[in-house]
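Please examine the protein shown below. The report that follows describes its overall build and then turns to selected residues and contacts.

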Amino acid sequence: MRGVVVSVGGLSAHVTKHAQAAFCDCFTDNSESMSSLLVSTAARAAHDGRLIVPICASFEKLISRDLLHTSFYADVVDMLCVETKHFGTDISKMLSFLPLLGVLCQAKDDAVRTQAWRLAVVLAASRYPKVRNRAAAELYSALLIDARGLDATAAMEVLSTTQWDGTDTVGVRGARDRLYPLLGLTVPTAEEGGALSMSDRTNHLGRNMVMGTYKSLVREAGY
């Protein structure tokens, strides 16, 4: 699984094109079992930048094609919260995580989407201008496509008029703070590290085996 994931999320277009096709075919008929395997692989690769970046790219491709089993979306957003916190000072990795955040911001599940929106708002005030700008753009696109019944006009105005990649960090933080109530989000607490809203959800793998969230798996692995 690790080898295939690295190929899918690799840099060579010639390799990734064929790897993606084969990878997606595996999920077409075995979505739940393959999704379970990929989430477990992600947990074992926690904080490993060499693997977690292509893993996130793989999740993004699967979710955008509706191939990842929906019961695992919660684990994916948990993974993204954990990894963005861990790699918060690595701009290249942070930027590589944002396409996945973008598709999660469009999730149909309310809890997953809300957590993704919260993470996007937090990253909109990142120390890195490029990360701020991209996070805000991903959230704006998600709201434009489907705000899920929310009147997001005011939030979209804040997102579109704020210069997220500018040097006015005070103004950026102020815009971020205005987004929380406009989107019906609670402000992250200090205990959450300013970025996360981790749940105690569990996902059922098969009929009899139960696995905890990605966060729980990472903790059990000793990270």
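The model described here is predicted. Within it, S35 is found in helix 3, which covers residues 31-44. The relative accessible area of S35 is 0%, and buried means under 20%, so S35 is buried.

Which residues is S35 in contact with, leaving aside its neighbours within four places in sequence? They are F27, L67, L68, H69 and F72.

## Overall build

The secondary structure of the protein comes to eleven helices and two strands. Read from the N terminus on, the elements follow the order α-α-α-α-α-α-α-α-α-α-β-β-α.

The protein has 223 residues, and buried residues make up 51% of them. Among contacts between residues at least 6 apart in sequence, 66% join residues at least 24 apart.

## The contact of helix 6 with helix 8

Two packed helices are described by the angle between their axes and the distance between the axes. For helix 6 and helix 8 (residues 129-145), the axes come within 10 Å and cross at roughly 0 degrees. Angles under 35 degrees count as roughly parallel, and helix 6 is therefore roughly parallel to helix 8.

On the side of helix 6, the residues that meet helix 8 are I91, M94, L95, L98, P99 and G102. Their partners in helix 8 are K130, V131, R134, A135 and E138. By type, the residues of this contact divide into seven nonpolar, one polar and three charged.

## Aromatic rings

How many aromatic pairs does a search of the whole structure find? The search finds one. It is formed by F87 and F97, whose rings lie 6.1 Å apart, centre to centre, with 55 degrees between the planes, and the pair is tilted. F87 lies in the loop between helix 5 (73-86) and helix 6 (91-104), whereas F97 lies in helix 6, so the pair ties together parts that are ten residues apart in sequence. Both partners are buried: F87 has a relative accessible area of 10%, and F97 has one of 1%.

An aromatic ring also takes part in another arrangement. The charged end of R113 sits over the ring of W117, at 5.6 Å from the centre of that ring.

## An alanine in helix 9

A155 has its place in helix 9, which spans residues 153-161. Is A155 buried or exposed? Its relative accessibility is 1%, so A155 counts as buried.

Not counting residues up to four places away in sequence, A155 touches L143, L179, L182 and L183. A155 and L139 are 16 residues apart in sequence, and their C-alpha atoms are 9.8 Å apart in space.

## Two positive phi angles

Most residues other than glycine have a negative phi. H47 has a phi near 65 degrees, a positive value in a residue other than glycine. H47 lies in the loop between helix 3 and helix 4 (49-64), and it is partly exposed, with a relative accessible area of 21%.

D66 likewise has a positive phi, near 60 degrees, and is a residue other than glycine. The place of D66 is in the loop between helix 4 and helix 5. The relative accessibility of D66 is 64%, and exposed means over 50%, so D66 counts as exposed.

How values were computed
Residues are numbered from 1 along each chain as its sequence is written. This is a predicted model: local features need pLDDT of at least 70, side-chain atom pairs count only at pLDDT 80 or more; totals for chains, interfaces and linings use all residues. Side-chain values use heavy atoms; hydrogens and water are left out. Helices (H or I, at least four residues) and strands (E, at least two) are DSSP runs, numbered from the N terminus. Buried means under 20% relative accessible area, exposed over 50%, partly exposed in between (1.4 Å probe, protein chains only). Contact means heavy atoms within 4.5 Å. Rings of Phe, Tyr and Trp (its six-membered ring) pair if their centres lie within 6.5 Å; planes under 30 degrees apart count as stacked, over 60 as edge-to-face and the rest as tilted. A charge sits over a ring if NZ of Lys or CZ of Arg is within 6 Å of the ring centre and within 35 degrees of the ring normal. Axes are lines fitted to C-alpha atoms, for helices over the stretch in contact, and angles run from 0 to 180 degrees between N-to-C directions. Angles under 35 degrees count as roughly parallel, over 145 as roughly antiparallel, 65 to 115 as roughly perpendicular and the rest as oblique. Ala, Val, Leu, Ile, Met, Phe, Trp, Tyr, Cys and Pro count as nonpolar, Asp, Glu, Lys and Arg as charged, and the others, Gly among them, as polar.
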